[in-house]
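Please look over the sequence and the model shown here.

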Amino acid sequence: MSDAFTEAIDALKRGDLYRRLRRVDGDQGPEIVLDGRKALNFSSNNYLGLATHPVLKKAAQDAVERYGCGSGASRLISGNMVLYEELEAKIAKLKSAAAALVLNSGYQANVGIMPALAGEGDTIFSDALNHASIIDGCRLARAKTVVYPHCDVGYLNDALKSAPQGGRKLIVTETIFSMDGDEAPLADIVAVAERHGALIMIDEAHATGVFGPNGAGVAAQLGLAERIAVQMGTLGKALGGFGAYVGCSAALREFLINRCRSFIFATALPPAVLAAGSAAVDLLYNEPQRRLALWHNIRALREGFRALGFSIDASESQILPLVIGDAGKCMAFAELLLEKGIFVQGIRPPTVPEGTSRLRVTAMATHTHEHLRRALDAFEHVRKQF
Ligand SMILES: Cc1ncc(COP(=O)(O)O)c(C=O)c1O
């Protein structure tokens, strides 16, 4: 049996698709110690730098002192911690939603919510570049799935028109795409959804904290929040902690408590995580300068890459993909960057489509001008070697 695993691993290595864990000593700041080597971190979703914020640390420490380390059981079994109530009230306000429900992670949210909302006789319409957790949510749901070409609202409209009558129609899209950094045409999606009586579920994992008033996300930025049934997002990226949420109606929240299996059958989040999440939402309002610093760095990086001749035109966010194409070349590029002290992860299939392996550069509010300059210098240098 172990031979079969070894063979599978060897095949991955031959195809340049082998993955390994790298050791990190220390935190997820802009400077990182990776496999014992110091590097600048351009590979983290800690966009606002909140993962190391003293206010989050203190909130987590206080919660441990007051409530302990674990939550005991699922929320329906051992009771709903008051910390959940506080966090959900804050998220509902941020998202201009009537209610919110916190889930254990973005992955669990997507694989739980989608089967709860769409079953036999229903149709899910999913963007071709949606995250793996959404793809798995489609697989778990017993509904028919129509995968529409990336951001192609014309195709989506036609597919909605020819969907079977009677069943529920659920459109699912990220608002900021995790590996391309581009933005979904949300206003157009809302228009076609309303025309065809479809529900919309958005995944704002990479938009929350970065886009919109107080970092409320793309839906809020466009004034569309109230027209979207399911506003999902995560607490582990710009918000610096862990977990996920859905902003929705009070009735949908109640429905999910009764029907979302990844909510029902999982131990609740620990108190420290909930308290850190709450503190992070407060910081979105209290420290807007972090968002400004992030956007300053996004612009500087984008201009820097353009000046070097890299094509990143589709990106509209802190996620700047430099598409290399071939998986082996992409990883070799990343390795040379690391030798120059710049950590950027190469992203390969199946995370991205075949032939589009890329260096996924992410900007953080906590990068200094000097960090950006060193990164751009390294890119220029390595590119010449290629
Ligand atoms: C778009 C998107 N949705 C969902 C997830 C899953 O969230 P989590 O890491 O909280 O499980 C991720 C990334 O991890 C993501 O990029």
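Which helix gives the largest share of the shell around the ligand? That share, three residues, comes from helix α5 (residues 106-117); helices (H or I, at least four residues) and strands (E, at least two) are DSSP runs, numbered from the N terminus. The model is a predicted one, in which local features need pLDDT of at least 70 and side-chain atom pairs count only at pLDDT 80 or more, while totals for chains, interfaces and linings use all residues. Residue numbers start from 1 along each chain as its sequence is written.

Around the ligand there are 14 residues, and Ser105, Gly106, Tyr107, Ser178 and Ala205 come nearest (a residue is near a molecule or strand if its C-beta atom, placed from the backbone, lies within 6 Å of it). By type, the shell holds three nonpolar, nine polar and two charged residues (nonpolar: Ala, Val, Leu, Ile, Met, Phe, Trp, Tyr, Cys and Pro; charged: Asp, Glu, Lys and Arg; polar: the others, Gly among them).

Next comes the sheet. Seven strands, in the order β4-β10-β9-β8-β7-β5-β6, form an open sheet with mixed pairing; two strands pair if DSSP finds at least two bridges between them. At the edges are β4 (99-103) and β6 (144-148), each of which pairs on one side only. Four bridges join strand β5 (residues 123-127) to strand β7 (residues 169-174) in the parallel sense, and Thr123 stands opposite Lys169 in β7. Helix α6 (residues 132-140) lies across β5, β6, β7 and β8 (199-203), and runs at about 165° to β5.

The loop between α9 (218-221) and β9 (230-234) contains Ala225. Is Ala225 buried or exposed? Ala225 counts as buried because it has 20 C-beta neighbours inside 10 Å (buried: 20 or more other C-beta atoms within 10 Å of its own; exposed: 12 or fewer; partly exposed: in between). Leaving aside residues up to four places away in sequence, Ala225 touches Lys95, Ser96, Ala97, Ala219, Ala220 and Gln231 (contact: C-beta atoms, placed from the backbone, within 7 Å).

Finally, the chain is divided into domain 1 (16-47 + 288-385) and domain 2 (54-286), with bounds from an automatic or database domain assignment. In domain 1, 17 residues are in contact with 14 residues of domain 2.

Definitions and conventions:
Contact = placed C-beta atoms within 7 Å. Axes fitted to C-alpha atoms, helices over the stretch in contact; angles between N-to-C directions.
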